[in-house]
Protein chains: 2
Amino acid sequence: MAATPPRHLSPRKKPRQARATLTLEAIFEATIQVLLAEGLHRLTTTRVAERAGVSVGTMYQYFPHKQALLYALNERYLDTVAERVEKACIEHHGASTAEMVEALVNAYWEAKTERADITRALYRSVVELDNEALIEAFSQRVDAATSAMLVSASDAVGGDRRLCNTTLLAVIFGTVRNVFERNLPAAVQADIRCQLVRMCVSYLAAARLSDG
Amino acid sequence: MAATPPRHLSPRKKPRQARATLTLEAIFEATIQVLLAEGLHRLTTTRVAERAGVSVGTMYQYFPHKQALLYALNERYLDTVAERVEKACIEHHGASTAEMVEALVNAYWEAKTERADITRALYRSVVELDNEALIEAFSQRVDAATSAMLVSASDAVGGDRRLCNTTLLAVIFGTVRNVFERNLPAAVQADIRCQLVRMCVSYLAAARLSDG
DNA sequence: GCAATATATGAAGGATTCTTCGCTTTGAGG
DNA sequence: CCTCAAAGCGAAGAATCCTTCATATATTGC
């Protein structure tokens with residue numbers, strides 16, 4: 001994802017044996033659980049290790065420090081989200097703009113809400129983490145995928161396509177996060193999601209008319 | 001704002017003399033500065049006190065603990081933002097939907113970007129702060145203001161007004177935050193802001209046609 | 001079975017941080 | 001000027017936390 005994870009944040013070594021892979025997995029999972037159950041300020045190397053059923057020393061064999069662990073966790077997460085969005089985009093090449101927007105919103109929304117707990121945990125972990133590069137890489141990856149999809153639309157949009165696309169993503173990403181953090185009732189969430197699709201669709205339609 | 005700041009987060013006492021007011025102000029300002037210069041994980045009672053030019057003991061005379069300080073800071077901040085949005089809403093009663101949306105986006109955007117540093121600092125401080133109630137109160141306050149404005153529109157929108165309004169706010173709040181955190185170049189920010197207005201306007205127009 | 005590696009352990013050092021409390025200084029009212 | 005309450009001070013106790021390293025165990029390749 002981020003081609004060059006900043007030196008100081010990159011993992012110490014990769015697992016070479018099977019058990020090491022398991023250990024790593026356990027550590028990641030434990031990190032999420034601690035984050036959820038205790039919050040960021042109680043996310044302690046000791047606590048994570050304990051929950052993962054390993055010793056602290058083991059953790060430090062893979063990560064030079066706590067930050068690196070969180071960084072890796074976010075990297076993994078963003079990677080799966082990006083993959084799902086890319087998949088949805090590819091599957092809708094050549095469709096109508098409306099179908100594309102709906103597919104995009106749904107893919108992103110579902111990737112985020114499917115395991116809402118994790119999403120929330122990671123939104124929290126991100127503070128104080130030098131992950132701007134990570135976010136940027138993610139954004140560009142998704143941007144590329146949606147751009148490619150949109151130009152292939154049967155009713156392709158006119159105007160400034162690049163700006164259109166950037167705006168679309170900023171709005172979708174932002175709205176999802178907002179809805180998330182406010183922890184609105186599921187019904188309201190569903191409603192907003194539906195409205196968000198309509199909003200994006202009408203936006204693109206308007207863009208087509210005025211600039212196209 | 002939040003009618004009942006949770007007991008454990010409410011300030012210890014209010015200033016009664018002039019110098020105490022100054023001290024409090026200095027503490028708040030110092031908190032922001034430390035947050036900006038050092039980040040959340042280095043936001044220390046000692047550091048804040050030092051920067052404010054007071055002693056740690058003094059801080060604890062007003063706040064029972066660090067969290068309460070951050071809580072109060074956010075409360076103040078959200079209050080000023082809400083005020084500005086309310087003002088803009090009132091000033092545009094009776095206008096056209098398009099004018100309203102533009103005024104709303106501008107008011108919120110400017111309230112956030114005018115001192116972008118503070119906004120960013122507070123976005124960070126919020127983690128690990130039990131401020132859901134605060135956010136909720138803010139949202140409802142703004143919701144009320146914008147609802148009142150929109151129903152007074154010369155070209156009032158039909159359909160589910162409540163949902164429309166909630167969506168609008170989720171989108172605007174979310175987008176602003178997203179743009180913020182990605183720290184995009186000013187030019188791009190301006191472009192997106194403009195597009196956001198267009199998007200909201202076309203959404204409302206579409207809502208008027210289909211459900212009205 | 002035997003090196004050579006890869007993994008895992010966890011006590012302990014070193015560094016911070018939060019918060020308190022006994023005491024001092026300042027301001028307000030009479 | 002005097003007294004009381006408000007405001008301010010900051011060293012020190014108690015609690016964590018991060019990270020290392022010397023040691024121990026497991027795996028692999030041969």
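Visitor: Which rotation, with what shift along its axis, superposes chain A on chain B? Then, which residues are closest to DNA strand C?

Guide: This is a predicted model, in which local features need pLDDT of at least 70, side-chain atom pairs count only at pLDDT 80 or more, and totals for chains, interfaces and linings use all residues. Residues are numbered from 1 along each chain as its sequence is written, chains are lettered from A and ligands numbered from 1 in the order written, and side-chain values use heavy atoms, without hydrogens and water.

A rotation of 180° with 0.0 Å of shift along its axis superposes chain A on chain B, with an RMSD of 0.1 Å.

Chain A has nine helices and zero strands. These are DSSP runs numbered from the N terminus: helices are H or I with at least four residues, strands E with at least two.

Now the DNA. A residue is near a strand if one of its heavy atoms lies within 4 Å of it. By that test, 24 residues surround DNA strand C. The closest are Arg16(A), Thr23(A), Thr58(A), Arg47(B) and Tyr60(B). Sugar and phosphate make up 73% of the atoms of DNA strand C that come within 4 Å of the protein.

Which helices build this surface? From chain A, helix H1 (18-38) and helix H3 (56-62) each give at least two residues. H3(A) supplies the largest share, four residues. By class, there are seven nonpolar, 10 polar and seven charged residues. Here Ala, Val, Leu, Ile, Met, Phe, Trp, Tyr, Cys and Pro count as nonpolar, Asp, Glu, Lys and Arg as charged, and the others, Gly among them, as polar.

Next, the polar contacts. Each is a pair of N or O atoms within 3.5 Å; within protein, one must be able to donate a hydrogen and the other to accept it, and residues adjacent in sequence count only if both atoms are side-chain atoms. A backbone N or O atom of Arg16(A) is 2.4 Å from a phosphate oxygen of DNA strand C. Arg19(B) goes to a base instead: a side-chain N or O atom is 3.3 Å from a base oxygen of DNA strand C.

Turn to DNA strand D. Of the 24 residues around DNA strand D, Arg47(A), Tyr60(A), Arg16(B), Thr23(B) and Thr58(B) come nearest. H3(B) gives the largest share of this surface, four residues. Of the DNA strand D atoms within 4 Å of the protein, 75% belong to sugar or phosphate and the rest to bases. Phosphate oxygens of DNA strand D lie 2.7 Å from a side-chain N or O atom of Tyr60(A), 2.9 Å from a backbone N or O atom of Gln17(B) and 3.0 Å from a polar side-chain atom of Thr58(B).

Technical notes: Copies are superposed by least squares on the C-alpha atoms of residues with pLDDT of at least 70 in both.
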